[in-house]
Amino acid sequence: CGFDSHPRHSPMPKLRLPDRSFEWNAQLAYAVGLIATDGCLSSDGRHVIMRSADLQLLHTFKKCLGISNKITETFNDGYAKKRAYRIQPSMVQFYRWLLKIGLTPAKSHTIGAINIPNKYFRDFLRGHLDGDGSITIYQDRYNTYKNPKYIYQRLWLRFISASKKHIEWLQNKVNELTGVDGHRWTSKQKDKKHVSMSVLKFGKRDSIRMLNWMYYEKNIPCLLRKYEKAKPFLAAT
């Protein structure tokens, strides 16, 4: 009787979880690619946040990390017309591990190289593509005034980041592992609301090679709507 289980002047010390390493696999590498682009590390040192307008992408993210946290609707940036969603698991040990491999809070302009095993880099890159990259396919009719038959199918694969050094690292790593170089440039700042972006772009032949390298088998984690764009160019799947 009268026992105070939470004494005000003698708080129980918080137990610090030991640091741990996470074993790399295709699912983890893909999730890291998503976090490096569409995700962020909260400043509280424990929450890993992922936002997307694609619910399927967030469900895949959950599956890759083996978490059961609820996906909730969230605000968008004021420009997006689609609904946005987020998941925010509290994962202290995973958070610390992400710091060790090169991710940081407020990383957009500062992110550089990420310590990823070569074996799983293509899974990371697929996550990077699904987060902020794009696959563009269109019919080029520019020369049809010369001949109505001059219609060409164009294919562009793009990776973007607000950090120039991250895109430089990405280009060098892709070239090291595939021999494909790509073209890198920095877009101009449109106005005060838009920042300059560094872009890594691949033409049709190199894009086909890259897509077959990233989508190397069926049933790997990916954003389905981008996979459907890539599918006509895939030989193995």
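Q: Which side chain meets that of lysine 173 in a salt bridge?
A: Let's start with one pair in this predicted model. Side chains of opposite charge can pair when their charged atoms come close. Here the N to O distance is 3.7 Å, and the cut-off is 4 Å, so the pair counts as a salt bridge. The partner of lysine 173 is glutamate 176.

Q: Lysine 173 and glutamate 176 are separated by about how much of helix H5?
A: Both residues sit in helix H5, which covers residues 164–178. They are three residues apart there, so the separation is about one helical turn.

Q: Is lysine 173 buried or exposed?
A: Its relative accessible area is 15%. Lysine 173 is buried.

Q: How many salt bridges does the structure hold?
A: The pair of aspartate 19 and arginine 96 is one of them, and the pair of lysine 173 and glutamate 176 is another. For the whole structure, the count is seven.

Q: How many residues apart in sequence are the parts that aspartate 19 and arginine 96 tie together?
A: Start by placing the two ends. Aspartate 19 lies in the segment before helix H1 (26–37), while arginine 96 belongs to helix H3 (residues 92–101). That is why the pair ties together parts of the chain whose separation in sequence is 77 residues.

Q: Of aspartate 19, arginine 96 and lysine 100, which one counts as exposed?
A: Go through their relative accessibilities. Aspartate 19 has 42%, which makes it partly exposed, and arginine 96 has 14%, which makes it buried. The exposed class starts over 50%, and a value of 57% puts a residue there: lysine 100.

Q: How many disulfides does a search of the whole structure find?
A: A disulfide is a covalent bond between the sulfur atoms of two cysteines. Two sulfurs have to lie within 2.5 Å to count. For cysteine 64, which is buried at 14% relative accessibility, the nearest cysteine sulfur is that of cysteine 222, 9.8 Å away. Across the whole structure, the number found is zero.

Q: How many bridges join strand E1 to E2?
A: Strand E1 covers residues 39–41 and runs antiparallel to E2. In this pairing, glycine 39 stands opposite methionine 50 in E2. The hairpin has six residues between its strands, and glycine 45 takes a positive phi near 80 degrees there. The number of bridges between E1 and E2 is three.

Q: Which element gives the most to the lining of the second largest pocket?
A: This pocket has a volume of about 320 Å³. Of its 13 lining residues, the closest to the centre are Lys218, Asn219, Ile220, Pro221 and Cys222. Two elements give two or more residues to the lining: helix H2 (55–65) and helix H7 (224–230). With four residues, the top contributor is H2.

Q: How many residues of the lining of the second largest pocket are nonpolar?
A: Sort the lining by type. Four of the residues are polar and three are charged. The nonpolar count is six.

Q: Asparagine 219 has a relative accessible area of what value?
A: Asparagine 219 is in the loop between helix H6 (204–214) and H7. Its phi is near 60 degrees, which is positive even though the residue is not a glycine. It counts as exposed because its relative accessible area is 80%.

Q: Where is alanine 106 placed?
A: Alanine 106 is not a glycine, yet its phi is positive, at about 50 degrees. With 69% relative accessibility, alanine 106 counts as exposed. Its place is in the loop between H3 and helix H4 (121–132).

Conventions. Residues are numbered from 1 along each chain as its sequence is written. This is a predicted model: local features need pLDDT of at least 70, side-chain atom pairs count only at pLDDT 80 or more; totals for chains, interfaces and linings use all residues. Side-chain values use heavy atoms; hydrogens and water are left out. On a 1 Å grid over the protein atoms alone, a cavity is a set of points where a 1.4 Å probe fits but cannot get out, and a pocket is an open set with protein on both sides within 12 Å along at least five of seven lines; lining residues have an atom within 4 Å of a point. Grid points are joined across faces, edges and corners, and a volume is the space filled by probe spheres set on the points. Ala, Val, Leu, Ile, Met, Phe, Trp, Tyr, Cys and Pro count as nonpolar, Asp, Glu, Lys and Arg as charged, and the others, Gly among them, as polar. Buried means under 20% relative accessible area, exposed over 50%, partly exposed in between (1.4 Å probe, protein chains only). Two strands pair if DSSP finds at least two bridges between them.
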